[in-house]
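Let's take a friendly walk through this structure, starting with its aromatic rings and then moving on to one of its helices.

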Amino acid sequence: MLTLLLLLVGLALLIVGAEGLVRGASRLAAQVGISPLIIGLTVVAFGTSAPELVVSIKASLDGQAGIAIGNVVGSNIFNVLFILGISALIVPLAVAQQLIRLDIPLMIGISLLVLLLALDGVIGRFDGGLLFLGLIAYTGFLLWQGRRQSAPDEPEPSEVKSPHWGRDVLFVAGGLAMLVAGSRLFVDAAVVLATWLGVSDQVIGLTVVAAGTSLPEVVTSIVAAMRGQRDIAVGNVVGSNVFNLLGVLGLASLIAPAGIAVTDAMLSLDLPVMLAVAVACLPICFTASVINRWEGAVLMGYYVAYSAYLILAATHHDALAGFSALMLYFVLPITALTLAVLVVPELRRSARG
């Protein structure tokens, strides 16, 4: 009963915190002349990734490498498949051209870099330092770009009447604090339940902890989409994925005495899935620059399939072989063909334009 109570309290804090964060961040964006997209890629994305940062650093210090890296990889998969999926099911998401031209390709490139760094079986301190320097460069570029190009749909700072900086900063800070506290309560309770069921550290990191620490992104993106701040909804997901790889994994690798060990299972399945999900995000966003409801349903379906595979593999279920064959030889080819059919006309229209 106590564990269930903690889950409910954590969920309540997440909902209230997300509302405050989105409200304060969107107002600050208007007051300082920075577009909601840049706010979503930086303040909102980094803030909602605070739980991943805390959990992965603690896990690396405690020698739980499976949770440390599984949390990051699982969160990135969860962010694209589940969060974009459920947000698009609620309301179709418009995708800014900057995301298609810069941020999503960057997310793909960083995902590939992490996979390459992990090929030797460990993400060491040098690797972590390289990733963290990348985060500093990326954040600096976004802030410079945001100040250089004010959003055309947002008023200039001088045009905003009676700006309440203190109130909006309080909304952002209070929202972030509630998100961190709520996700921590939720994760702690969920890990207790998963451990009681006898699930391994890596599976816990990829599923329970990853989903739990991504709850701030879930609630924030849904609230942002419902409030009409769709740039924040999509930018939050892309920015969180970039921050998870560069910031969370980078810092965790720097702090861990011997780096973070990468298992063969992580190399053969989870890291390639993370890269594939990032790559698939580009054509989905590229088609008409909108993530439609049916595309959201496809993303959600793939997250269910991925989670089912992890559970079947963890329990050594007899259905694993048949399920794997179905996904590999039928579902994946059909999806790839569908995306190709949708993307080719868009490419032709872009070329003519």
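How many aromatic pairs does the structure hold? In this predicted model, there are 4 aromatic pairs. Take the rings of Phe-78 and Phe-82: their centres are 4.6 Å apart and their planes meet at 15°, so this pair is stacked, the angle being under the 30 degrees that sets the limit. Both residues belong to helix H4 (residues 65-90), where they sit 4 residues apart, about one turn of the helix. Phe-78 has a relative accessibility of 5%, so it counts as buried.

Phe-82 also has a partner in another helix. Its ring and that of Tyr-303 have centres 5.9 Å apart and planes at 65°, so this pair is edge-to-face. Since Phe-82 lies in helix H4 and Tyr-303 in helix H12 (residues 293-315), the pair ties together parts that are 221 residues apart in sequence. Tyr-303 is buried too, because its relative accessible area of 11% falls under the 20% cut-off. Together, Phe-78, Phe-82 and Tyr-303 make up one aromatic cluster.

Now turn to helix H11 (residues 264-286). Where does the kink in H11 lie? A kink of about 30° is found at Asp-270, shortly before the proline Pro-272. Asp-270 is also one of the buried residues of H11. Others on that list include Leu-271, Met-274, Cys-281 and Pro-283.

Key. Residues are numbered from 1 along each chain as its sequence is written. This is a predicted model: local features need pLDDT of at least 70, side-chain atom pairs count only at pLDDT 80 or more; totals for chains, interfaces and linings use all residues. Side-chain values use heavy atoms; hydrogens and water are left out. Rings of Phe, Tyr and Trp (its six-membered ring) pair if their centres lie within 6.5 Å; planes under 30 degrees apart count as stacked, over 60 as edge-to-face and the rest as tilted. Helices (H or I, at least four residues) and strands (E, at least two) are DSSP runs, numbered from the N terminus. Buried means under 20% relative accessible area, exposed over 50%, partly exposed in between (1.4 Å probe, protein chains only). The bend at a residue is the angle between axes fitted to the seven residues ending there and the seven starting there.
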